[in-house]
Amino acid sequence: MKISKNLVLGVLLILIIACRENTSKQDSRNLKNILEVNNSKIPSDTKEIKNTINKSLVISCGSGCAMTYTAESIQSEAPTIKVKFKVEMYLDEKISDTYYEVYIFKYDTSNIIIKIQPEGKNENILENLLPDAQESFKKFSIDLIKDKNLEIKPSETCFKESKIKLPYAFLNTKILKYSLLDCNSISGIERYNCNSEKLRYISLPNREDVNVVLVPQDCGDFDYRYYLLTIKNNTVIDNLYVEGEWYEPEDEENKETTTFSIDKDYNLIVRTQIGTSSKLQNFIINKDGKIIKR
């Protein structure tokens with residue numbers, strides 16, 4: 001008696017679907033059991049974390065695998081919170097590995113999480129992790145900021161008050177003195193540190209709640225280059241190369257020199273000169289911190 005190929009394939013398909021459903025149900029039960037076990041382990045009398053609503057989070061890493069992050073210590077320094085996690089990896093409800101990780105939670109002035117950074121690393125796990133893991137960390141960050149009841153400092157308190165008056169034009173590098181950034185809460189600022197621990201900057205007058213600063217970028221091939229940055233809500237909004245020089249090696253005769261001026265209405269004029277020829281470009285800094293070409 002011959003058996004139809006379609007019948008055989010149909011039976012196999014049913015068996016595969018049933019197997020996947022059982023595995024999925026088992027994974028859900030494993031995650032639930034792991035979460036219950038970890039919550040029971042958390043000491044309720046630990047002063048640093050006793051008021052935290054969710055002291056742990058669970059991330060699935062595949063069939064029968066999960067990782068729990070349990071907060072062991074929490075240190076707050078507005079607008080950041082540093083959390084030391086005890087990480088336990090489970091395989092089929094049994095601990096296979098245990099280690100510790102420290103994360104820096106960074107918030108904006110509205111207490112919205114903007115970055116979660118592993119200590120000592122220049123990355124944002126809200127961009128690198130899988131969506132489900134990102135969501136777990138976001139939920140943890142919401143409870144964390146509510147519990148600590150932090151008063152987030154406005155971004156302008158990170159910068160010293162400007163001594164420069166508008167209108168303004170031309171840097172004098174011989175008498176130039178930098179300030180050092182006193183906070184580490186500004187998202188995107190690390191791109192401009194130029195291999196230094198703290199950002200060097202020169203404050204220009206703010207445009208309402210937008211910080212306007214000049215930062216040296218002298219860590220490349222040229223030691224005379226400046227970018228203008230705009231910062232709002234602890235985030236770098238925009239940047240523009242406004243001052244410096246560039247030339248091909250062994251060809252300084254055709255050096256490209258750039259200078260700028262800015263007026264009280266935050267209109268920018270950037271002048272680029274090569275030999276006897278020059279080009280002017282006009283920009284304006286709007287109230288959102290964007291630098292718009294005119």
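Residues are numbered from 1 along each chain as its sequence is written, and side-chain values use heavy atoms, with hydrogens and water left out.

Let me begin with the overall picture. The protein has three helices and 15 strands, where helices (H or I, at least four residues) and strands (E, at least two) are DSSP runs numbered from the N terminus. Of its 294 residues, 41% count as buried; here buried means under 20% relative accessible area, exposed means over 50%, and partly exposed is in between, with a 1.4 Å probe and protein chains only. The accessible surface comes to about 17800 Å², and 49% of that belongs to carbon and sulfur atoms; these areas come from the Shrake-Rupley method with a 1.4 Å probe, and for residues only the protein chains shown count as cover. If we take the contacts with a separation of 6 or more, residues 24 or more positions apart account for 44% of them, a contact being heavy atoms within 4.5 Å.

Now, where is confidence lowest, and where is it highest? The score in question is pLDDT, the predictor's confidence in each residue, from 0 to 100, and the protein averages 80, with 78% of the residues at 70 or above. The lowest mean, 44, belongs to helix H1 (residues 5-41), and the highest, 97, to strand S15 (residues 291-293). Over residues 5-53 pLDDT stays under 50, and for that stretch the model has 47 contacts beyond four places in sequence. Where pLDDT is low, the predicted coordinates should not be read in detail.

Let me turn to the aromatic rings. The structure holds 14 aromatic pairs, counted when rings of Phe, Tyr and Trp (its six-membered ring) have centres within 6.5 Å, with planes under 30 degrees apart called stacked, over 60 edge-to-face and the rest tilted. One of these joins Tyr 168 and Phe 260, whose ring centres are 5.8 Å apart with planes at 55°, so this pair is tilted. The pair links distant parts of the chain, since Tyr 168 is in strand S6 (residues 168-169) and Phe 260 in strand S12 (residues 256-262), 92 residues apart, and both residues are buried. Elsewhere, Tyr 69, Phe 85, Tyr 103, Phe 105, Phe 137 and Phe 140 form one aromatic cluster.

Two charged side chains also sit over rings, which requires NZ of Lys or CZ of Arg within 6 Å of the ring centre and within 35 degrees of the ring normal. Lys 84 lies over the face of Tyr 100, at 5.0 Å from the ring centre, and Arg 225 lies over the face of Tyr 241, at 4.1 Å.

On to the salt bridges. Side chains of opposite charge can pair when their charged atoms come close. The structure holds ten salt bridges, each being a side-chain nitrogen of Lys or Arg within 4 Å of a carboxyl oxygen of Asp or Glu. One of them joins Lys 82 and Glu 119 at 3.4 Å, N to O; Lys 82 lies in strand S3 (residues 80-91) and Glu 119 in the loop between strand S5 (113-118) and helix H2 (125-128), so the pair ties together parts 37 residues apart in sequence. Another joins Asp 218 and Arg 200 at 2.7 Å, N to O.

What network includes Lys 232? Lys 232 forms a salt bridge with Asp 209, with the closest N and O atoms 3.8 Å apart, and Asp 209, Lys 232 and Asp 288 are linked in a network of salt bridges. Lys 232 counts as buried at 16% relative accessibility, whereas Asp 209, at 33%, is partly exposed.

Finally, some backbone details. The peptide bond from Leu 166 to Pro 167 is cis, with omega near 0°, and Pro 167 is placed in the loop between helix H3 (131-148) and S6. Phe 170, which is not a glycine, has a positive phi near 75°, and Phe 170 counts as exposed at 57% relative accessibility. Tyr 266 likewise has a positive phi, of about 65°, although not a glycine, but Tyr 266 is buried, with a relative accessible area of 8%.
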